[in-house]
Amino acid sequence: MKAWVLEKQASVEQHPLKWVDVPTPHAREGEIRLKVLVCGVCRTDIHIAEGDLPLHQSPVIPGHEVLGVVDEVGKNVQHFRVGDWAGVYWLHRACGRCRHCLAHRENYCPKIQCTGWDVNGGYAEYVTAPAAYALPLNGVQMSPAQIAPLMCPGISGYAAIKLTGVQPGDQLGLYGFGPTAYYALKVARHLGVETYVSTRSRRHMQLARSAGARWAANAADKGMPTKLDAAILFPPAGDLVEPVLAQVKPGGVLVMAPVSASPIRIEDYSQHLWGRDLRTLYHLNRSDAEGFFGMVGRLKIELETRLFPFEQLPEALILIKHGRLEQSNAVIEVSKDAPGVRHPPSSRRAFPDVGAPHGAEPAEEPAVSGNTPPCPSSAFAPPEPLVGRRHKPARRARAAARRRHAAVEPLKLNADGSLVMLEKGCWFVCFVPGITRQWWHPFAHKRHKHVFALRSELYGLWTVFEPWWTRMVVASLRPEQASQFLRWGARGDVLLVRESIPGHSSQFRGWMNCAALTVHLLGRRYWAWTPHQLYRRLLQEPGTCRVDVSVLLNDQPANLDYARAQTVAACPACAPGAPRQPGVPKPFCLQCGRDIRPPSKRNR
């Protein structure tokens, strides 16, 4: 296949990208291959080509604003099939196991891989990507040239707005008005945020006003008309940081969006920085991409784009670097022929619309024929209208009922059978000894008599799923409570397992226990009756790994050595009068983690 390859970094005027033939990649397990239709040109590609960012792989194919058609699907891929529209953006892959990934912050993963920087990108005829990180775009009703810039400037603008934490009615300042700022302005307007734009270009001032900015001018000349609750700085100019901070109210936030910048100096800390947050936009994560494409259908994006032939990529890079591109975005047309394309909006998996109730997609109102309102059932249809002047009140009442029914949008389910798109969660599945001795313990594995699962959520919270014979507990935990459960899990074995959405579990049959309910939670096809049987099945799956709780909790291994403990002990302070089983070592307390061994044995 043909591709633009970067081997040595140099100025774009020296044409560091070479037009060569390279082997065509193929989709591996869990991956899809795209026949690239278009790929947007980003300033980050210029930073990589010229050496502002170090070269992580050589040779490498740049490009991270990719739109293509799936033409090859690897094993264990459920959400894509041949002919789907899909997008590839900056985030290529993350480890999925570190504390950042488990908290849905893959952009901070130490093993993050970026498209066009760590792995080959979209300036080629074909590109491969993990299906878990690719974006399904069948439901996006825009042209390919309009969709491609959404992959980087669009998602980045949305992520920058998220970092500011603005609320409806807040005052937001945008300094610089390129494509990323334009999309940020559209998102802010959608959220009900008053936006003020500072730019030196008169064309950009007009574009900002037409896009919904309340004020657009050069703040260096006229000054910002009001103090700001938050601001986003787009130019890579470090000397602008302090003047922008001076316009932000105490308690406000300044977000820096560029990937590189000149040195930053703060002369007056007390007046300009004290009481304000300074944040940076660091990579992108999946929640940013899915959140932005969930609302993109309501943003009314009208941004000019120039389409370049595939062989004219160097010219496009030079025009963008020197600011001579008259349009806002540049897109490379890689391929015009895409056999088997299933055009929007016929979609099997689409993003939920953020502006719709419960995250559901906006649904078209059903057609109304005669006097039958769009009710869910014909049993609620009103009777036929009576003719005559004396029945006008009845007709008015029926008309009002029709308007009320028409105002309620029918619910739409996505491909996962839900109102909202869910991410596949990672569960810590803990196989532990029993707390108290039961009659069936002699027939079960000595370390796997009970099983429960934990999952990390947003804002530091955890969810615990603990099934028993007669009940099932699902609750939110604080971090210190979750650590107590993990300490209990360290007495046995802890596996990190990725759930299946949509699940393929069987229906509940007969008497359920903790193992069978956990199988159902994880969406597995098979049946497990004992915790140890489930442990062996999960351990055979390729995505499952063992977890060292001592490393996870940053504790010393000696404090978590529960391998010899056969039961869970409790100290007198936590469980006074708790029954003790003779002959069984009880080194630690489950509730507080206190070492209750004799002093002579604590250093073993």
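**Sheet, cores and confidence**

User: How do strand 14 and strand 15 pair?
Analyst: Strand 14 (residues 248-256) and strand 15 pair in the parallel sense, over four bridges. Strands count as paired if DSSP finds at least two bridges between them. Strands are DSSP runs (E, at least two residues) and helices are too (H or I, at least four), numbered from the N terminus.

User: Is this a predicted model or something else?
Analyst: This is a predicted model; local features need pLDDT of at least 70, side-chain atom pairs count only at pLDDT 80 or more, and totals for chains, interfaces and linings use all residues. Residues are numbered from 1 along each chain as its sequence is written, and side-chain values use heavy atoms, leaving out hydrogens and water.

User: What stands opposite Val-253?
Analyst: Asp-277 in strand 15 does.

User: What order do the six strands of the open sheet take?
Analyst: The order is 12-11-10-13-14-15, with parallel pairing. Strand 12 (215-217) and strand 15 (277-280) are the edges, each pairing on one side only.

User: New topic. Which residues touch the most other members of the largest nonpolar core?
Analyst: Phe-292 and Phe-293, in a core of 109 residues. Helix 5 (residues 179-190) gives the largest share, seven residues. A nonpolar core joins buried Ala, Val, Leu, Ile, Met, Phe, Trp, Tyr and Cys through side-chain atoms within 4.5 Å. Buried means under 20% relative accessible area, exposed over 50%, partly exposed in between (1.4 Å probe, protein chains only).

User: What does pLDDT average over the protein chain?
Analyst: The average is 78, and 72% of the residues score at least 70. pLDDT is the predictor's confidence in each residue, from 0 to 100. Over residues 339-391 it is below 50.

Conventions
Contact = heavy atoms within 4.5 Å.
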